[in-house]
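This briefing goes through one protein model by topic. The sequence and structure come next, followed by the notes.

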Amino acid sequence: MKKVILIFCLAFGYTQVSNAQVDFGLKAGVNYNNAGEDSFKNSTDDIVDGATAKTGFHAGLWFRGNLTDNGLYIRPEIVYTQVKTEFEQQSGSDDYSFKKLDVPVLLGHKFLGFANVFIGPSFQYILDDEITYKDFTSDELDKFSVGLQMGAGVEFGNIGIDVRWERGLSNNEAKFANKISNFTVDNRTNQIIFGLSLKL
């Protein structure tokens, strides 16, 4: 069902963009993941300390097709992302990172000639992870998940800057246990993403 939804959204995006003026370019940036927590209220101290345990990066391509003359557009992206997060165990938490392919399909609106807001689903596939805890692996985790992105940005010429919030919507959690210890891994992202775009 998830793959059907992804194919439908990509097909819809392609149909709309094929009938519109298309811009495209490169993008990159940093992302701060709050490791599945419900809010960022406890993240201030971590960010001040450098946020090294939860800061990742992303890079990829973006496409934008104008749907109307009043600034409505659709923006599919293909992005490689490395995310740092944590897993909880009896003795506390430990850090690990995973790499994923993101395909956001964003509906946005331009206004004031340089600003924009956007929202849409983000389809994600985990390419690799680096969980190292005794003999456990993350094979039980669902590699495919769906999230939601929303944000705002500004553009000056060919340069764009945006900030967005991403929340994983799929129930993508696995619990591992044996006679000695147990821990939980949750790959749902809950992150703030800072991005820089270049229109080619």
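Read along the sequence, this predicted model follows the pattern α-β-α-β-β-β-β-β-β-β-β-β. That comes to 2 helices and 10 strands.

**Overall figures**
- The protein has 200 residues, and 46% of them are buried.
- Of the contacts between residues at least 6 apart in sequence, 65% join residues at least 24 apart.

**Largest nonpolar core**
- The largest nonpolar core has 6 residues: Ile74, Val103, Val105, Phe123, Phe144 and Val146.
- At least two residues of this core come from β4 (92-111), and at least two from β6 (144-156).

**Pairing of β10**
- Strand β10 covers residues 190-199.
- Strand β1 (residues 22-33) runs antiparallel to β10 and is joined to it by 9 bridges.
- Within β10, lysine 199 is the residue opposite glycine 25.
- Strand β7 (residues 159-168) also runs antiparallel to β10, again with 9 bridges.
- Isoleucine 161 has leucine 196 of β10 as its bridge partner.

**Leucine 198**
- Leucine 198 is a residue of strand β10.
- Is leucine 198 buried, partly exposed or exposed? Its relative accessible area is 35%, so it counts as partly exposed, since that class lies between under 20% for buried and over 50% for exposed.
- Beyond its neighbours within four places in sequence, leucine 198 contacts Phe24, Gly25, Leu26, Trp62, Asn158 and Ile159.
- Glycine 157 is 41 residues away from leucine 198 along the chain, and their C-alpha atoms are separated by 9.2 Å.

**Cavities**
- There are 3 cavities of 30 Å³ or more in the structure.
- The volume of the largest cavity is about 100 Å³.
- This largest cavity is lined by 14 residues, and those closest to its centre are Arg75, Asn116, Phe118, Glu155 and Asp162.
- Which strands each supply at least two residues of the lining of the largest cavity? They are β3 (72-89), β5 (115-129), β6 and β7.
- β7 gives the largest share of that lining, with 4 residues.

Key
Residues are numbered from 1 along each chain as its sequence is written. This is a predicted model: local features need pLDDT of at least 70, side-chain atom pairs count only at pLDDT 80 or more; totals for chains, interfaces and linings use all residues. Side-chain values use heavy atoms; hydrogens and water are left out. A nonpolar core is a set of buried Ala, Val, Leu, Ile, Met, Phe, Trp, Tyr and Cys residues joined through side-chain atoms within 4.5 Å. Buried means under 20% relative accessible area, exposed over 50%, partly exposed in between (1.4 Å probe, protein chains only). Contact means heavy atoms within 4.5 Å. Two strands pair if DSSP finds at least two bridges between them. On a 1 Å grid over the protein atoms alone, a cavity is a set of points where a 1.4 Å probe fits but cannot get out, and a pocket is an open set with protein on both sides within 12 Å along at least five of seven lines; lining residues have an atom within 4 Å of a point. Grid points are joined across faces, edges and corners, and a volume is the space filled by probe spheres set on the points.
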